[in-house]
Amino acid sequence: MKIGIVGCAGRMGQMLLKTILATDGAEIGGGSEHGRSEYLDKDLSVLMGASEPLGLKITADARALFEACDVVIDFTVPMATVNHAGLAAETGTALVIGTTGMDKEQIAVVDAAAQKTVIMRAGNMSVGINLLMGLVEQISGILDNSFDIEIVEMHHHHKVDAPSGTALMLGEAAASGRGVDLDSVSDRGRDGITGARTAGDIGFASLRGGDVVGEHTVIFAGEGERIEITHKAASRALFANGAVRAAQWCVDQPPGHYDMKDVLGLK
Ligand code: NAD
C-alpha cells in the first residue's frame, strides 16, 4: 500500500516518513511540499537522515502525488488541506487529515470531499486522547453545572493555532456530555475585567513554550472537590503511528467521513 505525505518536510511529515518505513505492508509513495520549499527536487531520504536515496523526489505537484498513491496523509496548514481535499475527491485517493486550526467554512469544504472518497480527519490521532474524550463526555453527563469545566493545553512555541484542535475536541466531548452546543458555552481568551464565571461555560486556556509535544488537562471544579484528567504526549511518534494506522484502515472503507473513533472501533 502506497502512502503519500503532503507537507513531508514538516515536524509531523518527517516523523510520518520514518513511521511508514518501519510499518509492515506500508510503502512511501512520495512526498510533497509547497512551491517555495528549499527541499523541492531533493530525494526524500534527506528528511530522514538516511544515507541511501529512496529514489523519490520531493515535489510541489500534489496532484501527481495523489494519483500515485492509495492514500495520502496531510499534516500541513488549513489552506493547503482544503486544496488537498479537492484533489482527493478528484482522484478518488483516500485522505487522512491531521491538520488543525481549520475554520467552519474550511471544514465544510473538506467534508464535502467525503462524498467522493474516504476522508478521515482527527484533531488528535493518539489512542489515549481518544479514550480521554470518551471519559470526558461520560463525566460531563454525570456532573451538573455546579462543576465548572476548564480545559488547559500546552504546546511548543512553534504552534500557530489556539486553542489546540485537541482542546476543542475535548470541549466538544464535554458539551456533548451536557447536551449543549459548544459554541454557546465556550469561554476563550479571558483578559482584563471579565466579570464572574458563568455557570455552564466551558473555559479554555492555552500555554505555549519550549518543545512541549502536547499536554491537555480537563478540570471539573466543584465546591470542595476537583477532578482533573491529564494526557501528556511525550513524542510525535504516537500521532504518526495513529495516522499510519488510520491510513491502512482507510483503504478498505467506502467513501465517507471518518474520525479516529471509527479507526479504533470505539463507536
Ligand atoms: P510544521 O509547520 O512543522 O509542518 C507543516 C508542513 O506543511 C511544513 O513543512 C510546510 O512547508 C508544509 N506545507 C505548508 N503548505 C503546504 C502546501 N501547500 N503543500 C505542501 N506542504 C505544505 O507543522 P507540524 O508541527 O508538523 O504540524 C502540522 C499540523 O498538524 C498542525 O496543524 C498541527 O496542529 C497538526 N498536528 C496534528 C496532530 C494530530 O494528532 N491530529 C498532531 C500533531 C500536529
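A residue counts as buried under 20% relative accessible area, as exposed over 50%, and as partly exposed in between (1.4 Å probe, protein chains only). The model is predicted: local features need pLDDT of at least 70, side-chain atom pairs count only at pLDDT 80 or more, and totals for chains, interfaces and linings use all residues. Residues are numbered from 1 along each chain as its sequence is written, and side-chain values use heavy atoms, with hydrogens and water left out.

The chain holds nine helices and 11 strands. These are DSSP runs numbered from the N terminus (helices H or I, at least four residues; strands E, at least two). The radius of gyration is 19 Å, close to the 18 Å of the globule rule for 267 residues, so the chain is as compact as a globular protein of that length. That radius is taken over C-alpha atoms, and the rule is 2.2 Å times the number of residues to the power 0.38. The C-alpha trace spans about 60 × 40 × 30 Å along its principal axes. Of the 267 residues, 48% count as buried.

Serine 45 sits in the loop between strand E2 (27-32) and helix H2 (62-68). Serine 45 is buried, at a relative accessible area of 5%. Beyond residues up to four places away in sequence, serine 45 touches Ala50, Glu52, Pro53 and Leu54. Contact here means heavy atoms within 4.5 Å.

Isoleucine 119 belongs to strand E5 (residues 118-121). Its relative accessible area is 0%, so isoleucine 119 is buried. Its C-alpha atom is 5.0 Å from that of histidine 257, 138 residues apart along the chain. Neighbours within four places aside, the contacts of isoleucine 119 include Ala88, Leu95, Ile97, Gly256 and His257.

Helix H5 (residues 127-142) has 16 residues. Buried residues in H5 include Ile129, Leu132, Met133 and Val136. Among the elements covering the buried residues of H5 are strand E6 (148-155) and helix H6 (165-178).

The ligand is surrounded by 21 residues, of which Arg11, Met12, Glu33, Thr100 and Met125 are the closest. A residue is near a molecule if one of its heavy atoms lies within 4 Å of it. A polar side-chain atom of glutamate 33 lies 2.6 Å from a ligand oxygen atom. For histidine 34, a polar side-chain atom lies 3.3 Å from an oxygen atom of the ligand. Methionine 125 places a backbone N or O atom 2.9 Å from an oxygen atom of the ligand. The protein covers 79% of the 860 Å² of accessible area that the ligand has on its own (Shrake-Rupley method, 1.4 Å probe).

Key: The expected span of a helix is 1.5 Å times one less than its number of residues. A polar contact is a pair of N or O atoms within 3.5 Å; within protein, one must be able to donate a hydrogen and the other to accept it, and residues adjacent in sequence count only if both atoms are side-chain atoms.
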